[in-house]
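Subject: Structure for your review

Dear colleague,

Please find below the structure that I am handing over to you, with its sequence. My notes on what was found in it follow directly after.

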Amino acid sequence: MDFKMLTRDFIHGIIFLLTANITYSLASDCAVGVEGTSIRLLCKVTSSVHRLITWQVDQGGRYVDVTTCHMNGVCTTNSQAYYSFLTGTNCTVHIKSLNRNSSSWRCVWDDVHYGPPCNITVYVPPRKPTCDAPVFTDSNTAVSITCRTEKTFPTAVCQFFQYTPSGALNNTRVVHRHGPSPSSPQDFSTECSFVSDLLPLGQPVTMTLGVGMFSQPNTPIVQARNITLDLYFPVPEMDSDCPRDYVMSGSTATCTCRLSNPGSPPGQAYWISTNDEKFVTFSKMNGSSQLDFSFNSSVLSPVYYCYAVSTLGQAPPQNTLIYEPKFAYGPSTVFLDAITSPDVQFTNTTSVLLRCNVSRDQVLPGVVFSFDSANRQFPNWPYHSDGSYYTSSLIYSPETPGSFNVTCTVRNVKFHSMAAQNSTRIQAFGGYATVQLDITGRLDVDLCTRTLMPLTCTVSVSQAYPWTTSFLIINNEEHVSRTSHEREYTHSLNYNFVPSSPGRFEFRCRVQNNYTSALLAEEIKIVTVAEGTCGINSIVFGLAIGLGCSIFLLLLVIIIFVIWRRRLKTSQKQENQAVYFTVGDSKVKCIVRTNNKTDYMSYAHYDKPATYIPRVSTRRKSGTPMEYDNPGYAPGKGSSSSRRISLSRTGSVQESEANIYSTVDG
């Protein structure tokens with residue numbers, strides 16, 4: 001709706017209040033109408049109308065024209081769902097079918113005068129309600145009735161009616177629950193639950209009840225079919241599962257006090273014992289009820305009474321039932337004693353006498369004895385009774401060494417889960433072992449040929465109890481030991497024996513039980529150590545070592561001297577060197593010597609005079625030739641004398657080695 005329209009309507013309203021009056025007169029109630037039915041609205045104007053009267057309906061927050069009556073008696077309508085007619089200055093509109101979406105109307109005359117709105121409450125009456133059978137609630141002290149209608153608009157309101165006899169129900173509460181209609185989503189469904197307290201009438205009675213619903217106040221109530229409620233006492237009976245044999249104490253009795261007819265409302269089943277102890281249970285709708293009760297040790301032969309009570313009161317006394325159960329109980333304490341000593345040395349014939357007993361006052365109706373130890377079991381063991389005790393005896397023979405807990409269990413002959421037991425401990429000391437003593441080398445030695453003797457004692461033990469110790473003993477003196485708490489093991493004891501003197505040595509490898517000191521296994525070996533010739537051999541050995549060292553030193557001195565002499569001779573030879581070569585038939589000897597004073601070197605001698613003078617040159621190590629000055633030659637005739645050739649060079653002899661060579665030019 002725009003601002004101009006609001007302004008116009010406001011102005012027209014002011015004018016209406018100042019200048020005119022209008023009243024509505026309807027053919028039926030303007031406030032309430034059933035959806036889909038017809039209705040008439042009368043617009044009666046008490047002031048003068050000059051031209052026309054128009055009926056408008058609110059659609060989406062805005063009034064629109066529906067029908068118009070002119071003062072000349074002509075009426076026009078823009079929809080076939082409506083028509084109107086004029087009577088004097090009164091205009092009547094006929095709505096053929098009410099719609100909840102078009103329920104606000106008003107009339108306007110001469111287009112400027114507005115009457116007040118006429119709001120029609122459109123509703124859909126509840127569809128005929130249906131009701132469930134009555135249900136007893138609140139521990140069967142109240143009755144609940146639920147009724148529902150599948151279609152109504154708006155939501156419906158429920159009413160509860162109590163016909164005959166009056167006063168049987170009291171304090172009725174109602175709870176409404178609403179939801180969409182399953183057949184038309186624009187409508188609602190309504191469910192009503194009525195809860196009424198039951199009064200103790202003290203006698204059976206049949207009641208008639210009613211439920212009605214309406215959508216709007218002051219509209220017709222739609223009623224459901226009448227509801228019949230029968231109220232009567234429950235009828236008790238004892239079920240066939242009630243045991244005639246013994247019942248285990250401490251457990252729930254299996255006897256059931258049934259309600260062959262649970263009653264209406266359902267009642268309670270009571271057990272009353274001879275000591276007036278009361279046990280209560282509630283019955284189920286199927287008429288069956290289980291009673292739980294326990295054994296009372298102060299009453300060994302109880303009597304129980306079963307009867308029924310409901311909200312109406314207690315059932316007739318002639319319906320009371322009697323049950324006398326038999327209870328099995330015990331045992332609670334068992335005594336187990338070892339008549340002979342429980343601590344024994346294990347042998348194949350070892351045994352211990354055990355006695356187990358229980359008081360007869362502790363158990364009913366009888367007992368079953370059994371013994372067990374580890375994986376050994378002795379079930380259903382024989383026993384006897386002396387009037388005060390049940391007694392059973394067992395001769396227990398351990399199969400292996402060890403510690404064994406022997407348990408005596410006494411069970412009730414009817415219920416084996418009812419049992420008591422006691423245990424005692426039997427210890428069979430012992431075990432099995434093997435040993436092997438190994439001595440490396442010969443057993444007949446002397447101090448010179450044998451000074452170290454490795455000893456190995458290999459021990460294997462099985463089923464040892466409680467623990468064992470292995471020893472390696474030499475001449476009654478313990479040298480190595482090892483203690484083990486394992487029942488099964490293998491280990492070695494090692495010792496390096498060095499005899500300190502000649503004589504007879506006894507080696508023992510043994511295993512013993514620590515608790516009883518019983519020997520489990522032992523091996524003995526004897527070694528005789530002779531004195532021998534260790535003194536003389538030592539002197540000879542010492543002298544041999546001394547002589548060897550002297551010879552070695554002498555050889556070392558000789559080698560050093562020879563090396564020194566060779567180096568000395570080599571040094572002397574290098575001072576004068578001769579070079580021989582042949583020239584024709586002549587043999588030439590060239591002597592080269594070093595002159596430390598003049599740094600000149602080289603002399604030449606000839607065995608025969610040569611027809612030419614040889615050229616002798618000396619090179620340094622670096623390869624540069626030495627220079628000779630004024631070489632001379634004196635020819636001779638077959639003379640054997642030698643002529644000296646004087647050579648000169650620059651540089652020092654020490655700077656180069658005597659790398660000398662000669663060449664003869666032809």
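Asp197 and Arg173 form a salt bridge, in which the closest N and O atoms are 3.1 Å apart. A salt bridge here is a side-chain nitrogen of Lys or Arg within 4 Å of a carboxyl oxygen of Asp or Glu. Because Asp197 lies in strand 18 and Arg173 in strand 17, the pair ties together parts that are 24 residues apart in sequence. Strands (E, at least two residues) and helices (H or I, at least four) are DSSP runs, numbered from the N terminus. Asp197 is partly exposed, at 25% relative accessibility, and Arg173 is partly exposed as well, at 31%. In these notes, buried means under 20% relative accessible area, exposed means over 50%, and partly exposed lies in between (1.4 Å probe, protein chains only).

Before I continue, please note that this is a predicted model, in which local features need pLDDT of at least 70 and side-chain atom pairs count only at pLDDT 80 or more, while totals for chains, interfaces and linings use all residues. Residues are numbered from 1 along each chain as its sequence is written, and side-chain values use heavy atoms, with hydrogens and water left out.

Further salt bridges

How many salt bridges does the rule give? The count comes to 15. One of them joins Asp187 to Lys151, at 3.8 Å from N to O. Asp187 is in the loop between strand 17 (169-180) and strand 18 (188-198), and Lys151 is in strand 15, so this pair ties together parts that are 36 residues apart in sequence. Is Asp187 buried or exposed? With a relative accessibility of 3%, Asp187 counts as buried. Lys151, at 25%, counts as partly exposed. Asp187 and Lys151 also belong to a network of salt bridges in which they are linked with Glu35 and Arg100.

Another salt bridge is formed by Asp132 and Arg148, whose closest N and O atoms are 3.0 Å apart. This pair links distant parts of the chain, 16 residues apart: Asp132 sits in the loop between strand 13 (130-131) and strand 14 (135-137), and Arg148 sits in strand 15 (residues 142-152). Asp132 is partly exposed, with 37% relative accessibility. Arg148 is also partly exposed, with a relative accessible area of 26%.

Disulfides

A disulfide is a covalent bond between the sulfur atoms of two cysteines. The rule used here asks for a pair of cysteine sulfur atoms within 2.5 Å, and by this rule there are 5 disulfides.

One of the 5 disulfides joins Cys43 and Cys107, with the sulfur atoms 2.0 Å apart. The torsion about their S-S bond is about 55°, so this disulfide is right-handed. Since Cys43 lies in strand 3 (residues 39-45) and Cys107 in strand 9 (residues 104-109), the pair ties together parts that are 64 residues apart in sequence. Cys43 and Cys107 are both buried.

Cys131 and Cys147 form a disulfide too, with 1.8 Å between the sulfur atoms. Their link is right-handed, with 105° about the S-S bond. Cys131 is in strand 13 and Cys147 is in strand 15, so that distant parts of the chain, 16 residues apart, are linked. Cys131 is partly exposed at 26% relative accessibility, whereas Cys147 is buried at 0%.

In the disulfide of Cys158 and Cys192, the sulfur atoms are 1.6 Å apart. The link of Cys158 and Cys192 is right-handed, with 60° about the S-S bond. Where do its two cysteines lie? Cys158 is in strand 16 (residues 157-162) and Cys192 is in strand 18, and the pair links distant parts of the chain, 34 residues apart. Cys158 is buried, with a relative accessible area of 7%, and Cys192 is buried, with 0%.

A buried serine

Finally, Ser310 belongs to strand 27 (residues 304-310). Ser310 counts as buried because its relative accessible area is 9%. Which residues does Ser310 touch, not counting those up to four places away in sequence? They are Phe233, Pro234, Pro265, Pro266 and Gly267, where contact means heavy atoms within 4.5 Å.

Yours sincerely,
A colleague
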